[in-house]
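Me: I am new to this structure. Please walk me through it in short questions and answers.

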Amino acid sequence: RCPVLEEEGMLRLVNYQNNCIARIEHLNGLPHLAFLDLYDNKIQNIENLEGCKNLRVLMLGKNQIQRIENLNSLEKLDVLDLHSNRIKEIQNIGHLKHLRVLNLAGNLLQCLSGL
């Protein structure tokens, strides 16, 4: 689980690399968060990011994610790193108008549709 960060509302960068986090949670109190690094954890689902409307960089490489989902509220996102997961299909990224970098290396993709 992501640690609970209380009274840290001004945080802009959170780095939880190389832990045993299985769920994305406890981020609602971080409205200014721009950079979230959850590289090399045990995350299976992209979830609970609705309160991170200012997020620009989301690093989720080397997890256990199978689907690209629940990114609807991340309209400012410009870097999405999902390398080394279990993703089979590119989906649910069409609304990310500011996306400049999409890293899907090392997944289970068989075609490039969905871009």
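Predicted model: local features only at pLDDT ≥ 70, side-chain atom pairs only at ≥ 80, totals over all residues.

Me: Which residue in S2 is the bridge partner of Leu-13?
Reply: S1 pairs with S2, residues 35-37, in the parallel sense. Three bridges hold that pairing. In S2, the partner of Leu-13 is Phe-35.

Me: Which residues touch the most other members of the largest nonpolar core?
Reply: In soluble globular proteins, nonpolar side chains tend to be buried together. The largest nonpolar core in this model has 28 residues. Those touching the most other members are Leu-36, Leu-49, Leu-58, Leu-60, Leu-71 and Leu-82.

Me: With which residues is Leu-36 in contact, leaving aside neighbours within four places in sequence?
Reply: Leu-36 is one of the core residues that touch the most other members. Its contacts beyond those neighbours are Val-14, Leu-27, Leu-49, Leu-55, Val-57, Leu-58 and Met-59.

Me: Is Glu-25 buried or exposed?
Reply: Glu-25 forms a salt bridge with Arg-23, with the closest N and O atoms 3.7 Å apart. Arg-23 is partly exposed, at 35% relative accessible area. Buried means under 20%. At 8%, Glu-25 counts as buried.

Me: How many residues apart are Glu-47 and Arg-23?
Reply: These two form a salt bridge, with the closest N and O atoms 3.1 Å apart. The pair links distant parts of the chain. Glu-47 lies in the loop between S2 and S3, and Arg-23 in the loop between S1 and S2, 24 residues apart.

Me: Which residues do salt bridges with shared partners join into one network?
Reply: Arg-23 bridges to Glu-25. Arg-23 also bridges to Glu-47. The network is Arg-23, Glu-25 and Glu-47.

Me: Is Asp-78 buried or exposed?
Reply: The side chains of Asp-78 and Arg-100 meet in a salt bridge, 3.6 Å from N to O. Arg-100 is exposed, with a relative accessible area of 61%. The value for Asp-78 is 14%, and Asp-78 is buried.

Notes
Residues numbered from 1 in each chain as written. Heavy atoms only, no water. Core = buried A, V, L, I, M, F, W, Y, C linked by side-chain atoms within 4.5 Å. Buried < 20%, exposed > 50% of the residue type's maximum accessible area, 1.4 Å probe, protein only. Contact = heavy atoms within 4.5 Å. Pairing = 2+ DSSP bridges. Helix = DSSP H or I, 4+ residues; strand = E, 2+ residues; numbered from the N terminus. Salt bridge = Lys/Arg side-chain N within 4 Å of Asp/Glu carboxyl O.
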